[in-house]
Amino acid sequence: MAAVLTPSAPSTAAGPRAPTHPRWGGWRSRWPLLPLVATVLLPALPAGTSGGGGPADVASGLAVLVCLGRLLYLRQRPLSATAALVLGLPAVGFAVATVTAADPAAALPGLVRHLQVFVLVPIAVYLLLRDAHGFRIVAGSLVLLAVVQGVTGVHQYVTGTGASYMGEDIRAVGTFGPSDIMGMATVVAYGLLAAAACALRTPRNAPVWLRPCAAVLAVALIVPLTLSFSRGVWIATVAAVLVTLALTGRRQAWTSLAVLGAAGVVLVGGFGIGSEMIADRAASVTRVTSTPDRSVSDRYAMWSAAGAMWRERPAAGVGLKGFPAHRDGHASIGLSSGSDTAGAGQEFRRQALLSPHNMYLLVLSEQGLIGLTALLGSWAAILVGAVRRLCVTRSRGHAAVDCGLAAVALMTWQSVNFLYADIGGPTTVLSGVVLGLAAWWALAGPDRVGAA
């Protein structure tokens, strides 16, 4: 009888309600991530501005303030010496370029913007992420943004309500409009890579539907990415996917490539989704030195102007925000006055060419060798550290390999895409989020990365 009346052990009473793995929730303890999620999602609002100060920038500022508050009052998770050096190094170049500029006051807005995107937001992401689950929440927000923008872009192509391209309003630009022609392509590429990483190495104890859904989303996002007709984004995405597949193992890499190839044949060849225009756009990548189009010629002219500015002031450059003021004095007469934009609800207008569309040349011209060395040193340390940690965790069968794949893929994409683009537009702040995600994976302590 005593045995019958004895209460059941707590573990038995809990029964199936006692989870044996970390819960996929807990927003009450993860509220500091809300500003980061808002920073990721808000660029989709049409209210975003090309010069900064949009809703996403406000959200990123809130994330920085939340991070600062936690450091000052709760004394939680300060930066390690290595992380402080790597993430703070670009500020050296920004400061030198501002102080040595011909008009330091005019360079101050550039200093604020560069500190926001390349220093403050990455540090905030690094400090606010508590574990791998937090990483996945932010990466999932990138996927959600990509899906919304991708659906909008495909609808624009199908209905002929996109931006103007070769005389037709078919270019997929999402809610960003023709004035920010790279916006949709950028966020779709982010989401594609995050979804692909999840499909290649799904987290342990994740719902059974997560892996097939992630794989389907990654393949489906190829469509709006293709319909963006953005050559630079195509190249960066292919490079990031190849690097990611190479780090997952030879067998899975070949299998994934076969699936992607079949999907491309079906989508472009079978359904004929923009096949003729896509083929022509892809072929134009190999014609940039023989018969380049106007956009490529203008880009070459701006690259040449950036190089001339650097040769004039090789150490510290012409100063932040100085490229537009010095462009005409260094560009060739072949540079056009601007690019034509129209469609997607916008009337025809000429958009001034105010940057070289190459982040590295922009930094070289405005910040000189000091700024370029500082920025490249920081990014190289993050990328190398991310790859190194991924190789170690993969060899040990770690549960958070999906985070490592996403971090390496996003950082690789950003590094390659900056060969054809620079900062500008409402998606600029997302570059800071991507850098923060990669830095967290590369530089955070094993106790934070190790939590799955």
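Modeller: Leu72 is exposed, with a relative accessible area of 53% (exposed means over 50%, buried under 20%, partly exposed in between; 1.4 Å probe, protein chains only). This is a predicted model: local features need pLDDT of at least 70, side-chain atom pairs count only at pLDDT 80 or more, and totals for chains, interfaces and linings use all residues. Residues are numbered from 1 along each chain as its sequence is written, and side-chain values use heavy atoms, with hydrogens and water left out.

Colleague: Where does Leu72 lie?

Modeller: Leu72 lies in helix 4, residues 55-74 (helices are DSSP runs of H or I, at least four residues, numbered from the N terminus).

Colleague: Now the charges. How many salt bridges are there?

Modeller: The count comes to two salt bridges, each being a side-chain nitrogen of Lys or Arg within 4 Å of a carboxyl oxygen of Asp or Glu. In one, Arg113 pairs with Asp57, the closest N and O atoms being 2.6 Å apart. That pair links distant parts of the chain, with Arg113 in helix 7 and Asp57 in helix 4, 56 residues apart.

Colleague: Are Arg113 and Asp57 buried or exposed?

Modeller: Arg113 is buried at 13% relative accessible area, and Asp57 is buried at 10%.

Colleague: And what does Arg136 meet in a salt bridge?

Modeller: Arg136 meets Asp402, at 2.9 Å from N to O. Arg136 lies in helix 8 and Asp402 in helix 18 (residues 401-417), so the pair ties together parts 266 residues apart in sequence. Arg136 counts as buried at 13% relative accessibility, and Asp402 is buried at 5%.

Key: Helix = DSSP H or I, 4+ residues; strand = E, 2+ residues; numbered from the N terminus.
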